[in-house]
Amino acid sequence: MGPIWPSYFKDCYSVVFIVDSANTAQISSSCIQLLSVLSAEPLHGVSVLILFNKRDMPCIMSLVEIKSLFRMDDIIAAATQPITILEVSARTGQGLQEVLSWLESIIVK
Ligand SMILES: Nc1nc2c(ncn2[C@@H]2O[C@H](COP(=O)(O)OP(=O)(O)O)[C@@H](O)[C@H]2O)c(=O)[nH]1
Ligand SMILES: [Mg+2]
């Protein structure tokens, strides 16, 4: 669905970007998608939450390894947006509380 995302950008006041961290074959394309989202003019300055999902699955890379593949430190340094990163599992509920806290924090702003 990536090619049609830009149609929605002008109505966004925040972005939740979910990465399937069990799908290592798609990590690099996911990174490119993230860079195109972060560089889109209508999304400058909006709060961004990046979720590394499926952390319950076996044989996945550590968050440190994935962040290093994404060059996350460079992305955060160059971004115009405040970026929060969380590890989650939609299956076990890992990280859900932190996601809700993030939502609450951006609604209050
Ligand atoms: N183990 C596990 N499975 C998940 C998780 N999130 C989604 N899935 C499962 O992954 C499968 C594909 O869904 P997903 O990759 O999330 O969505 P899609 O790629 O957009 O279709 C479905 O069977 C989901 O139930 C998760 O955190 N852990
Ligand atoms: Mg998937």
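This is a predicted model: local features need pLDDT of at least 70, side-chain atom pairs count only at pLDDT 80 or more; totals for chains, interfaces and linings use all residues.
**Helix pair**

I started with α1, which covers residues 27–38, and α2, which covers residues 63–70. I looked up how they pack: the angle is about 60°, and the axes are 9 Å apart. Angles of 65 to 115 degrees would count as roughly perpendicular, so this pair goes down as oblique. I also checked the handedness, and α1 passes α2 in a right-handed crossing.

Next I asked myself which residues make the contact. On the α1 side I found Ile 27, Ser 30, Cys 31 and Leu 34. From α2 come Ile 66, Leu 69 and Phe 70. I sorted the residues of this contact by type and got six nonpolar, one polar and no charged.

**Ligand 1**

Then I moved on to what surrounds ligand 1. My list has Asp 20, Asn 53, Lys 54, Asp 56, Met 57, Ser 89, Ala 90 and Arg 91.

I went through the distances from ligand oxygens too. For the side chain of Lys 54, an N or O atom sits 2.9 Å from an oxygen of ligand 1. For the side chain of Asn 53, I noted 3.0 Å from a ligand oxygen to an N or O atom.

Terms used:
Residues are numbered from 1 along each chain as its sequence is written. Chains are lettered from A and ligands numbered from 1 in the order in which they are written. Side-chain values use heavy atoms; hydrogens and water are left out. Axes are lines fitted to C-alpha atoms, for helices over the stretch in contact, and angles run from 0 to 180 degrees between N-to-C directions. Helices (H or I, at least four residues) and strands (E, at least two) are DSSP runs, numbered from the N terminus. Angles under 35 degrees count as roughly parallel, over 145 as roughly antiparallel, 65 to 115 as roughly perpendicular and the rest as oblique. A crossing is left-handed if the near helix is turned anticlockwise from the far one by less than a right angle, and right-handed if clockwise. Contact means heavy atoms within 4.5 Å. Ala, Val, Leu, Ile, Met, Phe, Trp, Tyr, Cys and Pro count as nonpolar, Asp, Glu, Lys and Arg as charged, and the others, Gly among them, as polar. A residue is near a molecule or strand if one of its heavy atoms lies within 4 Å of it. A polar contact is a pair of N or O atoms within 3.5 Å; within protein, one must be able to donate a hydrogen and the other to accept it, and residues adjacent in sequence count only if both atoms are side-chain atoms.
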